[in-house]
Amino acid sequence: QVHLEESGGGLVQAGGSLRLSCAASERTFNAYAMGWFRQAPGKEREFVAAINSRETRFYVDSLKGRFTISRDKARNTVYLQMNSLKPEDTAVYYCVAGLHPGTRTSDYAYWGQGTQVTVSS
(Lines give C-alpha, C1' and ligand atoms only; values in the text may rest on other atoms or scores of the structure.)
Protein backbone atom coordinates (compact mmCIF):
# COMPACT_ATOMS: atom_id res chain seq x y z
CA GLN A 1 0.00 0.00 0.00
CA VAL A 2 1.37 3.37 -1.01
CA HIS A 3 1.78 5.79 1.83
CA LEU A 4 3.72 8.81 3.05
CA GLU A 5 5.03 8.97 6.59
CA GLU A 6 6.03 12.24 8.21
CA SER A 7 8.35 12.69 11.14
CA GLY A 8 10.27 15.46 12.88
CA GLY A 9 7.46 17.52 14.33
CA GLY A 10 7.44 18.67 17.91
CA LEU A 11 7.60 21.61 20.27
CA VAL A 12 10.14 24.38 19.68
CA GLN A 13 10.64 27.89 20.99
CA ALA A 14 10.17 30.88 18.74
CA GLY A 15 13.31 31.50 16.71
CA GLY A 16 14.21 27.83 16.69
CA SER A 17 14.39 25.34 13.85
CA LEU A 18 12.88 22.00 12.94
CA ARG A 19 13.36 19.65 10.04
CA LEU A 20 10.41 17.59 8.90
CA SER A 21 10.94 14.40 6.94
CA CYS A 22 8.54 12.49 4.74
CA ALA A 23 9.40 8.98 3.64
CA ALA A 24 7.55 7.56 0.66
CA SER A 25 6.85 3.86 0.59
CA GLU A 26 7.77 3.40 -3.05
CA ARG A 27 10.61 4.54 -5.28
CA THR A 28 8.08 5.55 -7.93
CA PHE A 29 7.48 8.66 -5.87
CA ASN A 30 10.79 9.96 -7.13
CA ALA A 31 8.97 10.80 -10.35
CA TYR A 32 6.28 12.70 -8.46
CA ALA A 33 6.11 16.22 -7.22
CA MET A 34 6.17 16.21 -3.44
CA GLY A 35 5.39 18.94 -1.01
CA TRP A 36 4.00 20.19 2.25
CA PHE A 37 0.76 21.76 3.38
CA ARG A 38 -0.15 22.93 6.85
CA GLN A 39 -3.33 23.49 8.79
CA ALA A 40 -3.54 25.66 11.87
CA PRO A 41 -6.45 25.34 14.31
CA GLY A 42 -9.56 26.97 12.91
CA LYS A 43 -7.94 27.70 9.55
CA GLU A 44 -7.98 26.16 6.12
CA ARG A 45 -5.22 23.91 4.93
CA GLU A 46 -2.62 25.96 3.09
CA PHE A 47 0.21 25.27 0.68
CA VAL A 48 3.72 25.59 2.07
CA ALA A 49 6.21 24.27 -0.48
CA ALA A 50 6.69 21.75 -3.26
CA ILE A 51 9.51 20.21 -5.26
CA ASN A 52 9.16 18.46 -8.59
CA SER A 53 11.11 15.51 -9.95
CA ARG A 54 13.70 17.87 -11.43
CA GLU A 55 14.09 19.46 -8.00
CA THR A 56 12.59 22.77 -8.97
CA ARG A 57 11.24 24.31 -5.78
CA PHE A 58 8.05 26.25 -5.18
CA TYR A 59 7.14 28.19 -2.05
CA VAL A 60 4.30 30.25 -0.71
CA ASP A 61 5.63 33.81 -0.80
CA SER A 62 5.15 34.42 2.91
CA LEU A 63 7.57 31.61 3.86
CA LYS A 64 10.36 32.19 1.36
CA GLY A 65 13.68 32.59 3.09
CA ARG A 66 12.65 30.73 6.25
CA PHE A 67 11.57 27.35 4.90
CA THR A 68 13.52 25.14 2.50
CA ILE A 69 12.25 22.03 0.77
CA SER A 70 14.59 19.34 -0.53
CA ARG A 71 14.48 15.70 -1.49
CA ASP A 72 16.75 12.69 -1.37
CA LYS A 73 15.76 10.32 -4.13
CA ALA A 74 18.04 7.57 -2.85
CA ARG A 75 15.99 7.57 0.36
CA ASN A 76 12.59 8.30 -1.24
CA THR A 77 12.41 11.17 1.23
CA VAL A 78 11.47 14.83 1.12
CA TYR A 79 12.44 17.33 3.80
CA LEU A 80 11.20 20.66 5.02
CA GLN A 81 13.77 22.70 6.90
CA MET A 82 12.05 25.36 8.97
CA ASN A 83 14.11 28.17 10.47
CA SER A 84 13.30 31.24 12.55
CA LEU A 85 10.04 29.64 13.58
CA LYS A 86 7.21 31.81 14.82
CA PRO A 87 4.16 30.97 16.93
CA GLU A 88 2.01 31.47 13.82
CA ASP A 89 3.82 28.53 12.22
CA THR A 90 2.06 26.26 14.70
CA ALA A 91 0.05 23.76 12.67
CA VAL A 92 -0.26 20.19 11.55
CA TYR A 93 2.09 19.73 8.60
CA TYR A 94 1.11 17.29 5.87
CA CYS A 95 3.35 15.67 3.30
CA VAL A 96 1.84 15.32 -0.17
CA ALA A 97 2.67 13.74 -3.50
CA GLY A 98 1.19 14.29 -6.93
CA LEU A 99 1.97 14.15 -10.61
CA HIS A 100 2.66 17.88 -10.87
CA PRO A 101 3.42 20.58 -8.32
CA GLY A 102 0.61 22.92 -7.41
CA THR A 103 -0.76 25.04 -4.60
CA ARG A 104 -4.19 23.45 -4.31
CA THR A 105 -5.03 20.48 -2.13
CA SER A 106 -6.66 18.88 -5.19
CA ASP A 107 -3.28 18.87 -6.97
CA TYR A 108 -2.08 16.03 -4.75
CA ALA A 109 -3.46 12.49 -4.71
CA TYR A 110 -1.40 11.22 -1.80
CA TRP A 111 -1.33 12.59 1.72
CA GLY A 112 0.46 11.67 4.90
CA GLN A 113 -1.22 11.60 8.30
CA GLY A 114 0.37 14.84 9.40
CA THR A 115 2.84 15.83 12.07
CA GLN A 116 2.24 18.49 14.71
CA VAL A 117 4.55 21.47 14.94
CA THR A 118 4.08 23.76 17.93
CA VAL A 119 6.06 26.96 18.32
CA SER A 120 5.97 28.55 21.75
CA SER A 121 6.44 32.26 22.29
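**Exercise 1. Which residue lies over the face of Tyr 94, and at what distance from the ring centre?**

This is a predicted model, in which local features need pLDDT of at least 70, side-chain atom pairs count only at pLDDT 80 or more, and totals for chains, interfaces and linings use all residues. Residues are numbered from 1 along each chain as its sequence is written, and side-chain values use heavy atoms, with hydrogens and water left out.

Step 1. The criterion is that NZ of Lys or CZ of Arg is within 6 Å of the ring centre and within 35 degrees of the ring normal.
Step 2. Arg 45 lies over the face of Tyr 94, at 3.9 Å from the ring centre.
Step 3. Tyr 94 counts as buried, at 13% relative accessibility; buried means under 20% relative accessible area, exposed over 50%, and partly exposed in between (1.4 Å probe, protein chains only).

**Exercise 2. Determine the strand order of the open four-stranded sheet and identify its edges.**

Step 1. Strands (E, at least two residues) are DSSP runs numbered from the N terminus, and two of them pair if DSSP finds at least two bridges between them.
Step 2. The order is 1-3-8-7, with antiparallel pairing.
Step 3. Strand 1 (4–7) and strand 7 (67–72) stand at the edges, each with a single partner strand, so one side of each lacks a neighbour in the sheet.
Step 4. Strand 1 and strand 3 are joined in the antiparallel sense over four bridges, and Glu 5 stands opposite Ala 23 in strand 3.
Step 5. Strand 3 (residues 18–24) and strand 8 (residues 77–82) pair in the antiparallel sense over six bridges, with Cys 22 opposite Val 78 in strand 8.

**Exercise 3. Classify the aromatic pair formed by Phe 29 and Tyr 110, and then that of Tyr 94 and Trp 111.**

Step 1. Rings of Phe, Tyr and Trp (its six-membered ring) pair if their centres lie within 6.5 Å; planes under 30 degrees apart count as stacked, over 60 as edge-to-face and the rest as tilted. By this rule there are seven aromatic pairs.
Step 2. Phe 29 and Tyr 110 are edge-to-face, at 5.3 Å centre to centre and 85° between the planes.
Step 3. Phe 29 lies in the loop between strand 3 and strand 4 (33–39) and Tyr 110 in strand 10 (residues 110–111), so the pair ties together parts that are 81 residues apart in sequence.
Step 4. Phe 29 is buried, with a relative accessible area of 2%, whereas Tyr 110 is partly exposed, at 29%.
Step 5. The ring centres of Tyr 94 and Trp 111 are 6.1 Å apart and their planes stand at 65°, so this pair is edge-to-face.
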